[in-house]
Amino acid sequence: MFSFNLATIFESDISTTAWICLIALCVCAIFAILARFLPMIRVARTAESQTEEADLVAFEPEEKLPKASVIVYCFINEDSLIDYLEVLMNQDYPDYEVILVNEGSYDVSTSLAERLQMKYPDRLYVTFIPPESHNLSRRKLALTVGIKAAHGDVVVTTASNCLIPSQQWLSLMMQPFIGCDRTNVVLGYAHINFENLHGAGKWYKEFDATLTACQWLGAAIHHYPYRGDSFNLAYRKHLFFEQKGYSKSIHLMNGDDDLFINDISNGTNTDVMIAPDAILTYDYGVAGNRIMSDLKERYQFTSQMLPKMPFLRAGFGSAMQCLATGFGIAASIVSLPNIIPFLVACGLLAILNIFEIVIYRKAARALGSVCLWWALPFFLLWHPIGNFIFKCKRRSHRKKNFTFA
């Protein structure tokens with residue numbers, strides 16, 4: 001017959017192993033925060049400071065500003081394009097041009113150019129890439145065509161399915177270049193329209209995108225840039241030609257933002273712009289889930305050619321998160337029937353999770369993502385497993401990353 005003895009539960013000796021497990025839990029928790037959440041802290045602080053500075057953006061009439069060439073990869077219908085251009089052509093930056101590179105035939109592009117250039121005669125140029133272009137990355141081809149046609153000192157790359165949040169977007173992206181010859185690259189941020197995601201895994205996909213973004217944005221803020229986002233990216237035009245365009249990755253369908261940025265950026269010539277009015281949202285409608293999976297696969301493939309340290313740091317943070325939980329469970333088991341180690345472990349893990357939730361919510365709010373509560377600890381534990389499963393499932397798709405496939 002079971003008898004409940006409170007004295008036995010609380011007064012029995014706590015083993016040395018339990019104490020070691022609790023100390024190990026604390027150490028792992030500290031390393032998990034340093035490896036995984038320090039980039040989030042950097043992102044949240046940078047976004048907060050840039051939000052305050054955004055209200056102060058102003059240009060003096062006599063101030064010499066670099067001319068911006070906005071290269072737009074266009075693949076949406078004309079009605080949507082007109083609405084998009086209404087916002088883009090009314091940015092408050094004084095000196096810029098827009099180069100629209102259309103994904104379509106010569107006849108369609110010529111007709112489109114005539115109508116649009118009549119509406120915007122001063123600073124809009126329309127060109128195209130023919131649909132017959134094979135064995136090439138169409139995005140890289142479009143950007144190359146646009147950059148060669150650009151007259152500006154700085155090129156800003158984006159796409160016509162991106163939602164521009166305000167008239168300040170271009171001014172904010174250009175701000176780090178003004179009066180600073182040191183700045184050659186500005187990394188902006190763009191994310192998929194999360195409202196287009198659906199299904200049970202919607203929150204996890206938003207979490208995954210936010211965690212990944214914090215990883216590379218946090219590294220860039222810490223003067224270790226290795227990736228960008230071509231939906232929202234700016235750099236001085238001469239870098240493109242000095243690097244011979246995308247010649248190093250011409251055999252790949254992708255790499256126009258991560259591999260290329262890794263080549264042209266360094267800790268002294270790169271800035272980050274993540275003020276709310278500078279963050280773009282790209283809209284793929286009902287195809288949001290598929291596009292998000294494709295983008296994840298794309299970056300997983302090209303990450304093999306990037307510096308290993310950021311990915312090792314992220315993996316180390318994941319391992320420390322799992323070990324902290326494991327040591328908490330071990331401390332609870334080895335001291336039974338005494339439940340003091342169990343209570344201590346629960347308390348330490350609760351402190352860790354609350355700290356992580358607070359940090360994550362600040363970073364997620366800054367990047368326009370879902371602000372999680374109870375789900376975050378489970379997502380953090382599942383993340384390395386989910387990445388491994390995703391990589392195994394997509395292994396057979398590797399060939400499509402090459403232009404010759």
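**Strand pairing and packing**

Analyst: β1 and strand β4 (residues 154–159) form a parallel pair over six bridges; strands pair if DSSP finds at least two bridges between them. Helices (H or I, at least four residues) and strands (E, at least two) are DSSP runs, numbered from the N terminus. This is a predicted model, in which local features need pLDDT of at least 70 and side-chain atom pairs count only at pLDDT 80 or more, while totals for chains, interfaces and linings use all residues. Residues are numbered from 1 along each chain as its sequence is written, and side-chain values use heavy atoms, with hydrogens and water left out.

User: Which residue in β4 is the bridge partner of Ser69?

Analyst: The strands β1 and β4 run in the parallel sense. Within this pairing, the residue of β4 that partners Ser69 is Val155.

User: How many bridges join β1 to strand β2, and which residue is the partner of Val70?

Analyst: Strand β2 covers residues 96–103 and runs parallel to β1. The two strands are joined by seven bridges. In β2, Val70 has as its bridge partner Val98.

User: How many of the residues of strand β1 are buried?

Analyst: Buried means under 20% relative accessible area, exposed over 50%, and partly exposed in between (1.4 Å probe, protein chains only). Ala68, Val70, Val72 and Cys74 point one way from β1, Ser69, Ile71 and Tyr73 point the other way, and all are buried. Strand β1 (residues 68–74) is therefore largely enclosed by the rest of the structure, its buried residues numbering seven of the seven.

User: What is the order of the strands in the open sheet of three strands?

Analyst: The edge strands are β5 (162–163) and β7 (190–192), each of which pairs on one side only. β5 is joined by two bridges to strand β10 (residues 280–282), and these two run antiparallel; Cys162 stands opposite Tyr282 there. The sheet has mixed pairing, and its order is β5-β10-β7.

User: Are α2 and α7 roughly parallel or roughly perpendicular?

Analyst: Axes are lines fitted to C-alpha atoms, for helices over the stretch in contact, and angles run from 0 to 180 degrees between N-to-C directions. The axes of α2 and α7 come within 8 Å and cross at roughly 75°. Angles under 35 degrees count as roughly parallel, over 145 as roughly antiparallel, 65 to 115 as roughly perpendicular and the rest as oblique. The arrangement of α2 and α7 is therefore roughly perpendicular.

User: How do the residues of the contact of α2 with α7 divide into nonpolar, polar and charged?

Analyst: Contact means heavy atoms within 4.5 Å. Helix α2 contributes Arg36, Pro39, Met40, Arg42, Val43 and Thr46, while α7 contributes Leu211, Cys214, Leu217, Gly218 and Ile221. Ala, Val, Leu, Ile, Met, Phe, Trp, Tyr, Cys and Pro count as nonpolar, Asp, Glu, Lys and Arg as charged, and the others, Gly among them, as polar. The division is seven nonpolar, two polar and two charged.

User: Is Ser230 buried or exposed?

Analyst: Ser230 is found in the loop between α7 (202–221) and β8 (233–236). Not counting residues up to four places away in sequence, Ser230 touches residues including Arg139, Asp256, Asp257 and Arg298. Because its relative accessibility is 2%, Ser230 counts as buried.

User: What is the phi of His223?

Analyst: His223 lies in the loop between α7 and β8 and, at 54% relative accessibility, counts as exposed. Most residues other than glycine have a negative phi, and most peptide bonds are trans. His223 is not a glycine, yet its phi is positive, at about 65°.

User: Which residues does the cis peptide bond join?

Analyst: Pro337 lies in the loop between α11 (309–334) and α12 (340–366). The cis bond has an omega of about 10° and joins Leu336 and Pro337.
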